[in-house]
Structures are given as structure tokens and as C-alpha cells.
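Hi everyone, thanks for making time.

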Amino acid sequence: RATLLGALAISLFILAWHVVTVNRMDLYVRFLNVPSPEQVLESARTAFSTGAFFEHIAMSCRRIFIGFAIAALVAVPLGMLMGRFALLKAFVFPVCEVLRPIPAIGWVPMAIMLWPTNEQSIVFITFLGAFFPILINTLHGMANVDEVLVRAARCLGASERATFREVYFPAVLPQVFTGLTVGMGVAWVSLIAAEMISGQFGIGYFTWEAYSLVQYADIALGMITIGVLGLLSSPAIRLVGNFLMPWKG
């Protein structure tokens, strides 16, 4: 039922898109220069016939994987340690709260100055986009761990390391994967912004270059590709989460 409703919603969206663009409607929101679905489909055929478009996709996916993986490897342990040790949280959390509201575009000039290559600066911005949602959700998960379980583990002789491994980590996993899912979405937003401003490859660069060259159909193709890549990323994270947390099923 959900699949049918989703297919119906997408079909109605494409139909509405076709109607407003073919008729060049001006309903305060102007569709005069917006490409029709047929034009975007023709642009996709042209793009798919060359390897350059797939190289842009591969480059963006590579940057996302590296930046997101580093963010997860840093944010999850740090969040658990901050949730366990109040002194560490009091020291680190204010800095995180100052940096967290800064948007990805705001980091671009500083990232270019910090890192020797544009590639490293783009990965760094992607890392920042994923880092804070993962960290905050891990902190919330640690705050909700049942202290009865912790005391029971200590009474049975569990060390600090064993308590982290056997109690804290399984208890915090649902919130961690919530943070990973949110972080993946923010990482894509950050990546596209960075690629548009300082990249030379990637789907964000492809979309911005199409705008610069007044290739409207390619703009829509780039946007749709970004949406599809983001759509595929979240279910992949949920799939891993279901595998690691069979008790939730």
C-alpha cells in the first residue's frame, strides 16, 4: 500500500511538473525557463552516454563515504565519552555548540585556508555536516541509558571498558543510527554546497556548471540525481542498523 501511494504521489508530481512547464505558466512562481520532464529525460540520455557524468557521481559518493565515515568514527566514541564523563562534556560541549550552527557555506572559505587541496577541504566540510547530528544524538542516547543496567553490570564485576561495550554501546545504538541517518542528509547538503563553490568534480559542481552555462535541463538532472543519491543513502544506513539491532525488529 505504501509503495502504491508513493508511486502515485511521484506520478502526480511529474504530471504537475509537465503541465506547468509545457504551458510556461506564470503563477507568481515562474515556470517560463524550467525544463519539462521530457527535456530532462533527453538530458539524462545524453549524460548517460558519456562517462563524465558517472565520474561526477563517483567523486561525490567517494567524498560522502570518506567524510561520513570519519565523522561516525569520531562522533560516536566522543559522544559516549562525553555522556559518561561530565567533566569532558563540560569542556567540549560549549565549543561544539558554538560551531554547530555555522552552515556549510560559511565553512568554505576557512576550509580552503585550512587544507592544502580543494579535495581535502570538501571532505572536511562533509565531515562537519555529519559530525554534529551524530554527536548530539549519541549524547541523547547516553542520557537515556538505564542506570539500573549499569549498576547491575558493576555488581557483576564489569570493568569500565566492559560496561561501555556490553551496556552503554547496545543501549545507545538506536539513537546513534538516528544520528547517522540525519547526519547523512546534512552531509549531502554540505557536500553539494562545497562542490558548487570550490569543487572541480562532483554532482554539485555538475549542477552549478550547468547553471553557469544556462543548461536548464542539466540543472534539473543534477538536482534529481542528488535527491536519488540521498534517498538511497538513508535506507542503506537503516539496513545496517536493522542488522546490528535485531532486537528492534
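Predicted model: local features only at pLDDT ≥ 70, side-chain atom pairs only at ≥ 80, totals over all residues.

**Salt bridges, a helix pair and a few loop residues**

Is E42 buried, partly exposed or exposed? E42 counts as partly exposed, because its relative accessibility is 44%.

So that's one, but how many salt bridges does a search of the whole structure find? The search turns up 8.

Here's another one. E195 and R63 meet through their side chains in a salt bridge, 2.8 Å from N to O. E195 belongs to helix α8 (residues 160–198) and R63 to helix α3 (residues 51–84), so this pair ties together parts that are 132 residues apart in sequence. Now, are these two buried or exposed? E195 is buried, because its relative accessibility is 0%. R63 is buried as well, since it comes in at 3%, and the cut-off for buried is under 20%.

Next, look at R84 and E160. Their side chains also make a salt bridge, at 2.9 Å from N to O. Again the pair links distant parts of the chain: R84 is in helix α3 and E160 is in helix α8, 76 residues apart. R84 is partly exposed, because its relative accessible area is 25%. E160 is partly exposed too, with 29%. And which residues do salt bridges with shared partners join into one network? That would be R62, R63, E119 and E195.

Okay, stay on helix α8 and find its neighbour. α8 packs against helix α10 (residues 216–244) at an angle of about 160°, and their axes are 10 Å apart. That angle makes α8 roughly antiparallel to α10, because anything over 145 degrees counts that way. The crossing of α8 past α10 is right-handed.

If you want to see who touches whom, the α8 side includes L173, F177, M184 and W188, and the α10 side includes I226, L229, I237 and L244. Across the contact of α8 with α10, the residues divide into 11 nonpolar, 5 polar and 1 charged.

Now for some loops. L32 lies in the loop between β2 (29–30) and α2. L32 counts as partly exposed, because its relative accessibility is 40%. Setting aside neighbours within four places in sequence, L32 is in contact with R24 and M25. The C-alpha atoms of L32 and V20 are separated by 8.8 Å, and these two residues are 12 apart along the chain.

Then there's Y28, in the loop between β1 (26–27) and β2. Phi of Y28 is near 70°, which is a positive value in a residue other than glycine. Is Y28 buried or exposed? Y28 is exposed, because its relative accessible area is 79%.

Last stop: V214, in the loop between α9 (203–212) and α10. V214 isn't a glycine, yet it has a positive phi of about 60°. V214 is partly exposed, since its relative accessible area is 49%, and exposed would need over 50%.

That's my tour, so over to you for questions.

Key: Residues numbered from 1 in each chain as written. Heavy atoms only, no water. Salt bridge = Lys/Arg side-chain N within 4 Å of Asp/Glu carboxyl O. Buried < 20%, exposed > 50% of the residue type's maximum accessible area, 1.4 Å probe, protein only. Helix = DSSP H or I, 4+ residues; strand = E, 2+ residues; numbered from the N terminus. Axes fitted to C-alpha atoms, helices over the stretch in contact; angles between N-to-C directions. Parallel < 35°, antiparallel > 145°, perpendicular 65-115°, else oblique. Left-handed = near helix turned anticlockwise from the far one by under 90°. Contact = heavy atoms within 4.5 Å. Nonpolar A, V, L, I, M, F, W, Y, C, P; charged D, E, K, R; others polar.
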